[in-house]
Amino acid sequence: MCGIVGYIGKQQAAPILLDGLEKLEYRGYDSAGIAVYDGEQIGMKKAKGRLKVLSELTHGGETLPGTIGIGHTRWATHGEPSDVNAHPHFNKEQSIVVVHNGIIENYLKLKKKLQAKGYEFVSDTDTEVIAHLLDYYYKGNPLQAITKIMHRMEGSYALGILFQDHPDQLYAVRKDSPLIIGHTEGGCIIASDVPAVLKYTRDVYFIENEEIVCMTADTMEFYNVDEEPIEKSPTHIDWDVDAAEKGGYEHFMLKEMYEQPKAIADTFSPRIRGQEIVIEELDMSEEEIRAVKKIMIVACGSAYHAGVTAKYVIEGMARIPVEVDLASEFRYRDPLIDRDTLLIVISQSGETADTLAALREAKEKGSKVLGIVNVVGSSIAREADTVMYTWAGPEIAVATTKAYSSQLIALYLLAMKFAEVRGVIGKEELHGYIEDLKKLPDQVEMLLNNKNRIQKFANRYLAAKDVFFIGRGIDYAISLEGSLKLKEISYIHSEAYAAGELKHGTISLIEEGTLVAAVLTQEDLYKKMISNMVEVRTRGAFVLAVTNEGNREVERAADYVIYIPQTNRYFTNSLAIIPLQLFGYYISVGRGCDVDKPRNLAKSVTVE
Ligand code: F6R
């Protein structure tokens, strides 16, 4: 995700900013920039690509004089990675400058209003809206202007702001995007993450939601959104640099699992307006949505598993036939698709070679291609006819968690939109789904907080040789992903089966003590699943069940039960996958595997 560093003090700011940004490089970024105020004017340099480019451009910061400044590494969200879209962003007079982490959900509405008032935009970013909005409200009092824009902006933000009128002040504010502040010798430093400040201090102030801080070289004053001063006390950080990069978590994978509630909320929030689903980037009229005869979903690995879930969700909710295929198969089978087929490709990296080839194949055959992609400006994002971004932020662990979870959300949104437009569901049903969607972040958080119980259970199976995951319908899709999570990071052989298929061969592999993870979240299939569980249990299997709260009946067929909170039948994957991710993770940790970088695997598979 993007990184912020800001400095005010007695030393030259630019080298400190570059050094701080370097400490945040591990988070991933596509461009970087700094703005430094020398008391007369605010100088700015930005560059697409590595921080090295920016450093060379400024001779390690030396060519930008001034002792107050802000810096940023950008992970593109709104607008391609480019020099222009890189932060910081100015108002027109170049008297206010801003760096921003997060997403301003209502930026289009704000942009239109500002344009109507004569503001001109040079970038495609949501951040530029903030600079102009500050300009609009600024009447000489920075604090007042900041609180005003806080009332207007929806979404998440951590901001570093300089005002030319206030050469001895640096401002910062946050909502739902982290920001910390610490003292340096003779100054103050702000950063989005701990690693950037560790060199200077281990006592930091965590800025809480809707808190503002005004810094000078010697002072830090905190305010709430009503402009009232507040008292804060520092927290002592004793993490080493390695732990700090992971936000205190032991592995990136665990950190990213914990980022799922935010990734989920960030993916649905900008697309829910009141009681409506608005997917502007879909770029399809209602008539075009109604004309879709078939949806074909193509992807690899976990993204394919998200597609398998979507088949059940879209077919069930919107009654459109959905075919799902592995990109590596699709590209060579001369698929039967045409203009009436909507092709959806799903990819975290946006660079997966097979998925990209499948996209090209489909375009050649005349299908419209919608990309569900996490990396803005990636090859798939560029080549697809339209892109629906998942706002998971950069994923570092090879095994996907938060990107997969946000892919599911994007697919639910599409299903809901299509179902409503095609008249398959009414307003009331749609509103019910929207309410369920809004509950998911808290429900996921609750499941994550149950991690100790899963760790205990996982520790009993560190020596397992084979593990089977079974489910029916959507639960089969969850099983596929649960099984992949386990095998790819723990190297334990594991298979997922549609539970009804077991007796057609696989059941012969079950022996005394074999672990079978059974997923049952579909009420109408409980009985069938319980029969399958009894079948394996009578052959000696130890059965772990993941099921909905209240399904007590399952206890007669399972040895260990994990309950997930109630949601509708289509969204259960988002909850059931959490204990399975944790299970795979703790088995991998317990076996001493390299959790974040499993052997033989790459994060982005750009070759066939
Ligand atoms: C598994 C995993 C992979 C990817 C697959 C597709 O945890 O991450 O299976 O899902 O390689 O990658 P993307 O989504 O980048 O196309």
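Predicted model: local features only at pLDDT ≥ 70, side-chain atom pairs only at ≥ 80, totals over all residues.
## The largest pocket

Let's start with the open space. Rolling a probe the size of a water molecule over the atoms shows where empty space is left. The largest pocket found in this model comes out at a volume of about 1200 Å³. Its lining is made up of 50 residues, and if you want to find the centre on screen, look for Asp-176, Ser-177, Pro-178, Glu-259 and Lys-262, which are the closest to it.

Which parts of the chain build this lining? At least two residues each come from β8 (170-175), α6 (241-245), α7 (252-258), α8 (260-268) and α15 (427-448). Helix α8 gives the largest share, with five residues. Both domain 1 (3-237) and domain 2 (239-448) take part, each with at least three residues in the lining of the largest pocket.

Next comes the second largest pocket, with a volume of about 810 Å³. Here 30 residues form the lining, and His-78, Glu-105, Tyr-107, Pro-270 and Glu-280 sit nearest the centre.

Four elements each hand over at least two lining residues to the second largest pocket: α3 (107-116), β16 (272-273), α13 (379-383) and β22 (386-389). The largest share is four residues, and α3 provides it. Again, domain 1 (3-237) and domain 2 (239-448) each put at least three residues into the lining. Sorted by class, the lining of the second largest pocket holds 13 nonpolar, five polar and twelve charged residues.

## A parallel strand pair

Strands β18 (residues 294-299) and β19 (residues 322-326) run parallel and are joined by five bridges. To get from β18 to β19, the chain passes through helix α10 (residues 301-318), making a right-handed β-α-β crossover. For a handy spot to check the pairing, take Ile-297, whose bridge partner in β19 is Val-324.

## Salt bridges

Side chains of opposite charge can pair when their charged atoms come close. Across the whole structure, the search turns up 30 salt bridges.

One of them links the side chains of Lys-10 and Asp-218, at 3.3 Å from N to O. What does this pair tie together? Lys-10 is in the loop between β1 (3-9) and α1 (13-23), while Asp-218 is in the loop between β12 (211-215) and β13 (220-223), so the contact connects parts 208 residues apart in sequence.

Technical notes: Residues numbered from 1 in each chain as written. Heavy atoms only, no water. 1 Å grid on protein atoms, 1.4 Å probe; cavity = no way out; pocket = protein on both sides within 12 Å on 5 of 7 lines; lining within 4 Å. Points joined across faces, edges and corners; volume = space filled by probe spheres on them. Domains from an automatic or database assignment. Nonpolar A, V, L, I, M, F, W, Y, C, P; charged D, E, K, R; others polar. Pairing = 2+ DSSP bridges. Right-handed = clockwise from strand over helix to strand, strands pointing away. Salt bridge = Lys/Arg side-chain N within 4 Å of Asp/Glu carboxyl O.
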